[in-house]
Amino acid sequence: MELVFQEKELNYLSRILCETVTQEQTAELIVPDSYPDADRVVDAFATALIRSEECSAGAAGATGNVQAGVLFVTEGGEVERLETQIPFSVRKEFDAAYDDCTLQCTCAVTGVDARMLNSRKVLVRVGVRCTLSVYARQSRTLYDISAPAPTLQLRRTRLPIKLPLALGEKSFVLNEEAEIPGSKPAVERLLKCVYRTTVEEQKFVGSKAVFKGNLTVHALYECAEGKLHSFETDLPFSQYVDMDEELDEREPRTVLTMTSAETEPDGQMDCRRLLVSVNLLAQCTAYGEQEIELIEDAFCTDAELTPKWSEWGVTGILDRQSFRETATARSDAPAGGVVDAWLYTDEANRRREGERMLVELPMAVNVLYVDSEGKLQGRTMRPTVELSTALSEEGSCGVCVTGSGEIFCAAGADGMELRCPVSVELESFAEHRLRCVAGGEIAQTEATGERRPAVILRRTETEQDVWDIAKTYRTATASVMQANDLQNPLIPADTLLLIPM
């Protein structure tokens, strides 16, 4: 006789690919004939921009450009700027059996530096980190029997798992004006502009993922007197992403990627405004907790049951933790004062120690400063942040830098001391291997003529589960629990049990 189950569909998104690709790109920049010879490079900066994404035929990829710039000092002591666009591309393959896949891609600069090859040529080197996440719609069948016969024993388990359920994205443009603070002089020449995005608030309202954030604009400029000044401002924005379903009770996670960025002075004689135009791609994932109920095992007290098994794996989100840390570094180079500093974060290093995951997040801070002789110089300082979180053996974690505050850099005759506040989010997740009864065949046992005892006395040699004991003797687990007044299904060793048959 066939054991028939009711079927229920579990629908969710499976992340079938999550790969981070780091690469290094270089470019040679030629000093124009209209510039004097270069004496030394003092700063390098870069912004990563995604141009296109593609996900089809078992492969995902993205292409983009790095907007890179270099500041150098000429032999005459003037500060000049060189710019270039450095292309990059990443590609990863995945199981081609999946179709209707969606790609989410984030990209960031991990560090940038430059050096002179000669007085007319500069080499710039940029580190780029791209994370490709591919999601595919999944449907799994769950099996259950709502009213089993008294002779059919079922061992159920309930597993609440937080899963991605829906995706959405939207491109939008920020055209804003960044005001120069009144305490600083007007802009004569813009030398450097870099950007950072943060999401401050996010929630679902019906089928819309609503989020608020800031675009941080960091600029270095030269005033009419030829001195260098830096300033940083936050440009707030509020946007939404349309999703395909109502998601009020779900948890959103929105990531932002820049696709273009441009900043220029407003063109006035006494320039106190910078015109900022940035294109952003917002990608939103909706997470929701799904309770998966499975039948882990089954047996019959009056027949022989041969179960049919179903096995599959699912990745569930365990937790998200936010950390606010301050990274520090020190340089022995004597300095008369700091002009500017900007932070880049590299790929995190993970190391497991017992039930904890240790995470080290390396950083690179490009510092522009004046040395003890009054000359403009540049240096890269490398602080790190160390984090720790409890994590089971099956778990892993992803690291996302969600923001950083104002960099403090003190200069003196004995060197420079750097302090960088940074906000980091750790997302822990686990791969669950699920095995459940999906059906089976019941065969009646042949009568042997032997009388079956009404009760058995048995002493446990080791700690045992009452289910295993009941299955061995083909009796109901509830009967064993009731006969021995058990509150816990785990029975200690050396326990005398009364087993009703």
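This report describes a cavity, an open sheet and two further strands in a predicted model.

Residues are numbered from 1 along each chain as its sequence is written. Because the model is predicted, local features need pLDDT of at least 70 and side-chain atom pairs count only at pLDDT 80 or more, while totals for chains, interfaces and linings use all residues, and side-chain values use heavy atoms, with hydrogens and water left out.

**The cavity**

The structure holds one cavity of 30 Å³ or more, a cavity being a set of points, on a 1 Å grid over the protein atoms alone, where a 1.4 Å probe fits but cannot get out. About 80 Å³ of space lies in the largest cavity, where a volume is the space filled by probe spheres set on the grid points. Its lining, made of residues with an atom within 4 Å of a point, consists of Tyr12, Leu13, Ser14, Arg15, Tyr135, Pro164, Tyr287, Val314, Thr315 and Ile317. Two or more of these residues come from each of strand 2 (6-30) and strand 14 (303-331), strands being DSSP runs of E with at least two residues, numbered from the N terminus. Strand 2 gives the largest share of the lining, four residues. By class, the lining residues divide into seven nonpolar, two polar and one charged; here Ala, Val, Leu, Ile, Met, Phe, Trp, Tyr, Cys and Pro count as nonpolar, Asp, Glu, Lys and Arg as charged, and the others, Gly among them, as polar.

**The open sheet and a buried aspartate**

Three strands form an open sheet in the order 3-4-5 with antiparallel pairing, and its edge strands, each pairing on one side only, are strand 3 (38-56) and strand 5 (79-93). Pairing requires that DSSP finds at least two bridges between two strands. Within strand 3 lies Asp43, which counts as buried at 5% relative accessibility, the term meaning under 20% relative accessible area with a 1.4 Å probe and protein chains only. The side chain of Asp43 makes a polar contact, at 3.0 Å, with the side chain of Lys192; such a contact is a pair of N or O atoms within 3.5 Å, of which one must be able to donate a hydrogen and the other to accept it.

| Antiparallel pair | Bridges | Facing residues |
|---|---|---|
| Strand 4 (residues 59-74) and strand 5 | 15 bridges | Ala68 and Thr84 |
| Strand 15 (residues 335-345) and strand 17 (residues 356-371) | nine bridges | Val338 and Tyr369 |

Strand 15 is largely enclosed by the rest of the structure, because eight of its eleven residues are buried.

Methods. 1 Å grid on protein atoms, 1.4 Å probe; cavity = no way out; pocket = protein on both sides within 12 Å on 5 of 7 lines; lining within 4 Å. Buried < 20%, exposed > 50% of the residue type's maximum accessible area, 1.4 Å probe, protein only.
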